[in-house]
Amino acid sequence: MTSPSVFIKVLVNETALQRYNVVLSERELALIWSFMISIYAIGGLVGGLLAGWLLSYGRKRCLLLNNVFAILGSALMISSRPARSFEMIMAGRFIYGVNAGVTLSAHTLYVIECTPTKLRGMVGVTVGTFISLGKFTGQLLGLSQLLGSEHLWPWLLGFSGVVALLQLLILPLLPESPKFLLLERGDQVACEKSLTRLCGSMDIKKEVEEMLKEKSAVQNVRSHSVMELMRKKSLRWQLATTVVFFTVLQLSGINAVYFYSFEVFREAGIQEDKLRFAALGTGLCELTTSITCFLIIGRFGKRFLLFRGYLGMSVTLVLLTITLNLQRLLSWMPYCSMVLVFVFIFFFCIGPSGVTAPLPGELFTQPYRAAAYTIAACLNWTGLFLLGMVFPVLVEHLKYFCFIIFLFFCIAATLYTWFCMPETANRTPLEIADEFRRMHSKSTNSQGKQLAVNNNLDIVFVTKL
């Protein structure tokens, strides 16, 4: 929305003048623009709540159905200028938000369930990688030489429909989630066929055994609601981990850094007509760092990347606050700020951006996954909406010191990762649950260990010695 913002505001003014013979003030225009931006997060929240219900019909089917939202939103965007209706852009943004809310849960769960345990960490990171690719593609297409011109900007906003059409053509060729087929449908034959298509010549015996073990443990256990998950004492640390990282993801300061990047680039002497290319550089930095995270996560693990990411972001926010406040006093300080913008993006993408999205699918067993993703989606989109509404006020009153607020969340996430979170890479939910118990339980005897695992599965085994 950044690239065509000038043209959209012109459309809003022209529509108000044509319909009501009213010239909008700057404040009225800013209010309409803020609502147009924020309504995307409201749609994302609705989509996140819908995802839990849609996922019960199958991961693949949910993703296929979700393309309808993207195509409908795209049609509204493309038609907005010929129809002289900025309300169509608002409606399109809301529907895009619903599509994104469903996708964040459904796509992440689909790829996690389709991936062997030893590759799950790497594949989970691709969620953040392709989000970065989407941002970069939007920035690239938003250049005035491509779709960011006065006449083509509706096609820029409607480009998501092209991606949805592409998925409608390709996704039917892919199999359904093996875990969904076995654990929720009880169809082992279909599960093995799906695994064979996904893994090719790889030996699927170990994967099937792991799923059968989980199926045996959760047999006759229904999918649980959000409230049931929140009341489950044995899962409180898994739930706390989800809440912490999905809350901090939006409140870490990444949006504030992007907001100030244009001002930093201006102070560094970059000409106004070149600012879009500088912004394209931030998108390219985010994309390349996300790819790097994909390549190294198997070696370092998720806990290490989260800790290093939030620690690096905390230090960078302190330095960025100092350099931004000194940039008018020292001629070389804006260049330091510009470097720190890229450093902050690097630390964000090397850890939190890629690691956070797949966490609920790794921390919870099958009966609790849909509820966990619903909670995660609500936190993510609510945080984004509140940030969009409150951040302009923070900037107006605190200026560069607004970074101190985001610094608090980054430090909190750093400490939580170090003291409260175990490594999750290459581990099943049962193994992760046992590690949480080991870290936080006062009792370490084997009887307590067995009870913690049983509580996680809602099953109590009684044995006679």
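This is a predicted model: local features need pLDDT of at least 70, side-chain atom pairs count only at pLDDT 80 or more; totals for chains, interfaces and linings use all residues.
## Basis

Local features need pLDDT of at least 70 and side-chain atom pairs count only at pLDDT 80 or more, while totals for chains, interfaces and linings use all residues. Residues are numbered from 1 along each chain as its sequence is written, and side-chain values use heavy atoms, without hydrogens and water.

## Helix 3

Helix 3 spans residues 59–83 and has 25 residues; helices are DSSP runs (H or I, at least four residues), numbered from the N terminus. Its first and last C-alpha lie 36 Å apart, close to the 36 Å expected at 1.5 Å a residue, where the expected span is 1.5 Å times one less than the number of residues.

Buried residues of helix 3 include R59, C62, L63 and M77. Buried means under 20% relative accessible area, exposed over 50%, and partly exposed in between (1.4 Å probe, protein chains only). R84, with a positive phi near 55°, follows helix 3.

## Salt bridges

The whole structure holds 10 salt bridges, each a side-chain nitrogen of Lys or Arg within 4 Å of a carboxyl oxygen of Asp or Glu. R59 and E113 form one of them (3.0 Å, N to O). R59 lies in helix 3 and E113 in helix 4 (residues 86–113), so this pair ties together parts 54 residues apart in sequence. Both R59 and E113 are buried.

E113 also meets R369 in a salt bridge (3.9 Å, N to O). R369 lies in helix 19 (residues 366–398), 256 residues from E113, and R369 is buried.

Methods: Helices (H or I, at least four residues) and strands (E, at least two) are DSSP runs, numbered from the N terminus.
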